[in-house]
Amino acid sequence: MSAEKHSEHHESGGEHLPAEATGFFRKYILTYDHKVIGKQYLFTAFFFLLVGGGLAMLIRWQMAYPNQPVPVIGELMKGRFVFTPDGSIAPEGFIQLTTMHGTLMIFFVIIPILVGAFGNFLIPLHVGARDVAFPFLNALSYWLYLPAALIIFASFFVPQGPAAAGWTSYSPLSNLSGATPGSGWGQTLWLMAIFLLGFSSILGGLNFLVTIVKLRAPGLTWGRLPLVTWSQTVTAVFQLLATPVLASATCLLLADKLIGSTFFLPAHVHLADTDMSPTGGGAVLLWQHIFWFYSHPAVYILVLPGMGIASDLISTFARKPIFGYRAMVWSMVGIMGLGFIVWGHHMFVSGMNPVMGMTFMTATMLIALPSGVKVFNWLGTLWGANIRFAPPMLHALSFVSMFIIGGLSGLFMAATPVDIHIHDTYYIVAHFHYVVFGGTLFAIFGGLIFWFPKMFGRMMNEFWSKVHWAITFVAFNCVFFPMHILGEGGHMRRIATPTEYEWLQPLQPINVFISHSAFVLGAAQLIFLANFFYSMFWGKKAEGNPWQSNTLEWTQPSPIPYYNYDKIPVVHHGPYEYSLEHANGRGDWLPQNEPVAGNGSSGHGSK
Amino acid sequence: MAEALAVHAPTHGAEDAHRAKLAMWLFLASEVMFFSGFIAAYIVLRNATPAGQNNPFNIENRHLSVPLATVNTMALILSSFTMALAVAAGQRGDKAKTSMYLICTILLGTLFLGIKGVEYGTKFSHHIFPSTNVFYGCYFVLTGFHGLHVLIGVLALFILAVGNERAVLRDMHSGGNTPMANPCAIECTGLYWHLVDIVWIFLFPLLYLL
């Protein structure tokens, strides 16, 4: 391949192709290619998906068979990590399991896949650029994520084990090193890892925003951007503005732990007989406010890119334009604006001023409106459509239906009087697993199968994709729907031994059913991973546009060449021109870089 | 119409400069949020502390040197002025003036850090630490992170000044017209420096005066 002399600068005519990296190290390890960086994030996140999933299996064992030795693993790990000498899970170890399961899944799996993998891989392709605005910064973002991941992994192996104060890390449990095993080094390492990860996030958000604002191909106006890219834009704003507040929270808590300040310790907090804060002056609620100021936008980071992926998958496989493109964009912007002012709904029972409770309740209920608009628009897209039930579509449809359930349960907890009863119960656990697993993770599966040809030049096996989807969908609902019932019955979160509470004993058969379903659910994910890795090397070779989709990346061969586009494309319309007759004689789709036949220019698509 | 939209791409320099400036403005927005977390903590904790003789937030209990901090404030404000002059000189292509103003800014920034060091030193020698009480916890964290940002700014300015001065010296010795330090880099560093100054304008009254 005759590449031009090395040049990092994009030119509209496409004459200056950058030189291809040579050698395994430059191509796959120390790379500046956004596509390879995206895969680096993906594979690292897959590792943590396995670890986090394994922790969930241990949690479910304990809930179904409290204090009974764990098969196989209990034998191997007797007396080590969270296990007692007889191989069962210790109560103080149990909260380490729940803490690390949540931490790993949120920070080291879902966000890296949505933003690090999909964002990196797709944004330059969708805006018609050769790479992001700052490729070096992009690589740096990954090389900040990896040490953070290593630090959090190392926290499993320090004396007394990893952090135990919940992924929410409330003070004083997280603050006082002797409070519980894991509150010492485990918690300190947790805080350092999260701080580093925050850096990675902020730089990534900055990079993506500059890319989308400045590097769009000629003709690609804001009104012609795919919804995947719009969702990444809104997510990048959250990352840029909310993550620094998490950074300041972790710095303050680290200061408390390492240099003896008392930001989050009121006066005279005692551990056994020792006064740990003689001067005090801090406030426990302060941690909660600063933490949730970031962590509520974080949950929108967890869901918005999935919404964008679902929109594009549904449009492609329903062969219809997305219903209400402008409303989809404005609803995402609305979610972004409202998302900054609702954090207090995590604190309704914390003892904060009830007037603030009312304020946050109102704002939270308002957020249901743009979310509802999006749901109706997905349904509107499907209405009257000739649906192709390919595996990505099965996952996208699961996203919509599971998100509806998760969103509805969210309305219940938005109402403060109701939340007083269901806060810190399994009702909440059901809600967020429905939106993050039932929503985002299904969107991730669908997106990975959909863009697999572009990433690896091959197709994932269709039969096993459908098998994985079917088992996951059924098992997922068997695991998480009954949790609504547990929560209503008063089953608290993060308790190690449900059977020691009298009012929970009648509910225990539900716990057993959930756990058995969870074991099936966990095992089924191995089917996806096997399919993924097998297909990478031996899958059916893919053509350029196997799904007949409109966005710019499908105009290129599979896998995408390292330079993305030999000529920077000129965009004529939005990406949702489907089911057209006589569209350039090709069938029922019209790529963005082709004008409508007969017209010199396009009148289709938004402005 | 599409052809008209296929704009002739601007020169590489101008295009890069636009991206760099946008990136710096976005980064500054994230820095504002970062310091907002700390400032919000200070305000909340101060309001939550009951009034009384032993309130660590009382002016008389704070033992801070307002005169020293005033000198620091003047130094930073003046440094923002010299920074703006350096940016203007850079855009004019005036190598010598760019060096001069960059160096002035560095000196003023270093003066700020020196005075801060003296302040911290006197505190430590009087056994006043972040753990002493909640006011000092806030004081050390707020001024500590601010000081770290000043230090990073001074280092960035130092790198720019060295690069620019090399160009000046090369011209002096062998004539010719060596390219000076990148004016866009000077401008972006200038934006960062102004933010560091603005943060101090908030911290000074908050910690020392009010």
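The model is a prediction, so local features are kept at pLDDT of at least 70 and side-chain atom pairs at pLDDT 80 or more, while totals for chains, interfaces and linings use all residues. Residues are numbered from 1 along each chain as its sequence is written, and chains are lettered from A and ligands numbered from 1 in the order in which they are written.

Chain A comes with 15 helices and four strands; these are DSSP runs numbered from the N terminus, with helices being H or I of at least four residues and strands E of at least two. For 607 residues, a compact globule would have a radius of gyration near 25 Å, and chain A agrees, with 25 Å (taken over C-alpha atoms; the globule rule is 2.2 Å times the number of residues to the power 0.38). Of the 607 residues, 55% are buried. Here buried means 20 or more other C-beta atoms within 10 Å of the residue's own, exposed means 12 or fewer, and partly exposed lies in between, with C-beta atoms placed from the backbone.

Chain A also meets chain B, with 37 residues from chain A and 34 residues from chain B in the contact (C-beta atoms, placed from the backbone, within 7 Å). On the chain A side, α6 (185-214), α7 (227-259) and α8 (284-318) each bring at least two residues, and α7(A) gives the largest share, ten residues. That side splits into 23 nonpolar, twelve polar and two charged residues; Ala, Val, Leu, Ile, Met, Phe, Trp, Tyr, Cys and Pro count as nonpolar, Asp, Glu, Lys and Arg as charged, and the others, Gly among them, as polar.

The largest nonpolar core has 227 residues, and those with the most contacts inside it include A:A249 and B:C138. Such a core is a set of buried Ala, Val, Leu, Ile, Met, Phe, Trp, Tyr and Cys residues joined through C-beta atoms within 7 Å. Beyond its neighbours within four places in sequence, A:A249 is in contact with A:W287, A:I290, A:F291, A:Y294 and B:G37.

Helix α4 of chain A (residues 91-127) has 37 residues and should span 54 Å at 1.5 Å a residue; its end C-alpha atoms are 51 Å apart, which agrees (the expected span is 1.5 Å times one less than the number of residues). The helix bends by about 50° at A:P112, the bend being the angle between axes fitted to the seven residues ending there and the seven starting there. Because 33 of its 37 residues are buried, α4(A) is largely enclosed by the rest of the structure. Next comes A:G128, with a positive phi near 75°.

A:M483 sits in helix α14 (residues 462-488) of chain A and counts as buried, with 23 C-beta neighbours inside 10 Å. Leaving out residues up to four places away in sequence, A:M483 touches A:Y426, A:V429, A:A430 and A:I514.

Most residues other than glycine have a negative phi, and most peptide bonds are trans. The bond from A:S171 to A:P172, however, is cis, with omega near 0°; A:P172 lies in the loop between α5 (135-154) and α6 of chain A. Another cis bond joins A:S558 and A:P559, with omega about -5°. A:V72 has a positive phi near 60° and is exposed, with 9 other C-beta atoms within 10 Å.

Methods:
Contact = placed C-beta atoms within 7 Å.
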